[in-house]
Amino acid sequence: MIIGLTGGIASGKSTVSQLLKNKGFTVIDADIASRAVVMPGQPVLEQIVQLFGNEMLFQDGTLNRKKLGEVIFGDEFKRKQLNEIIHPAVRTWMLSEKDKAIAAGCRTIIFDIPLLFESKLAWMAERTLLIYVTPEIQLERLMNRNGYTEKEAMDRIESQMPINEKKKLADDMIDNSGTIDKTKEQLDHWLAQLRLSP
Ligand code: ADP
């Protein structure tokens, strides 16, 4: 079974992803994929340089993500151009990792994708699992984790699809507003219900 794991920012997706890894599940992480596809020698990096210039690279030829982030910040057209290069490569990377995992005998594969619904990637999985918390807890945990002011945290939360919208799209959900133990209980229940094993 292929699972798409997602959540709003600071809702606990990474925490649940780690719990699953601890249980031996194979997790294929979109953030890792997006770093892998821009490594030196990858066609995506060459395309980025063609579009945005050599100044996007550090001396050693690796991508200066901060600089690239600054260039696309507030420029919808450039952001779209960049996504059109990166997104297909990320999907290809993740699907190839999935094929490898299946060939190695894995029965359950978890795609960990922060913007699963925003990027319309639910088709990649057979079922989607949403990790959610209340808006108050989301704000508090995001401020604590990243040291953001309330405004900085709110801006980031509001740039995403509202959790209530994500709830309508998800097949399964875990409420991570309580303790980690409560979350573990729900996770075990979900795994048992779907009879999922690594
Ligand atoms: P995401 O990956 O969705 O952005 P994280 O897993 O990083 O979210 O969780 C956000 C923050 O909240 C982290 O600092 C994490 O340690 C903390 N956290 C996650 N789940 C809980 C919980 N059930 N109780 C208390 N803190 C939690």
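In this predicted model, the ligand takes up the space of the largest pocket. The elements that contribute two or more residues to the shell around the ligand are α1, which spans residues 13–22, and α6, which spans residues 135–146. Of the elements, α1 gives the most to this shell, with 3 residues.

The shell can also be described by the class of its residues, which comes to 3 nonpolar, 8 polar and 3 charged residues. There are 14 residues around the ligand, and those that come nearest are Ala10, Lys13, Ser14, Thr15 and Arg145.

| Residue | Ligand atom | Distance |
|---|---|---|
| Ser14 | oxygen | 2.5 Å |
| Arg145 | oxygen | 2.8 Å |
| Arg141 | nitrogen | 3.2 Å |

For Ser14, the protein atom in the pair is a polar atom of the side chain, while for Arg141 it is an N or O atom of the side chain. Taken alone, the ligand would expose 560 Å², and the protein buries 73% of that area.

Turning to the chain as a whole, its secondary structure consists of 9 helices and 5 strands. When the chain is read along the sequence, these elements follow the pattern β-α-β-α-α-α-α-β-β-α-α-α-β-α.

How does the radius of gyration of the chain, and what radius would a compact globule have with 198 residues? A compact globule of 198 residues would have a radius of gyration near 16 Å, and the 18 Å of the chain agrees with this. Taken along the principal axes, the C-alpha atoms of the chain fill a box of roughly 50 × 45 × 30 Å.

Key
Residues numbered from 1 in each chain as written. Predicted model: local features only at pLDDT ≥ 70, side-chain atom pairs only at ≥ 80, totals over all residues. Heavy atoms only, no water. Near = heavy atom within 4 Å. Polar contact = N/O pair within 3.5 Å; in protein donor to acceptor, adjacent residues only side chain to side chain. Areas by Shrake-Rupley, 256 points an atom, 1.4 Å probe, with all protein chains shown as cover. 1 Å grid on protein atoms, 1.4 Å probe; cavity = no way out; pocket = protein on both sides within 12 Å on 5 of 7 lines; lining within 4 Å. Sits in = over half its atoms within 2 Å of the grid points. Helix = DSSP H or I, 4+ residues; strand = E, 2+ residues; numbered from the N terminus. Nonpolar A, V, L, I, M, F, W, Y, C, P; charged D, E, K, R; others polar. Rg over C-alpha atoms; globule rule 2.2 N^0.38 Å.
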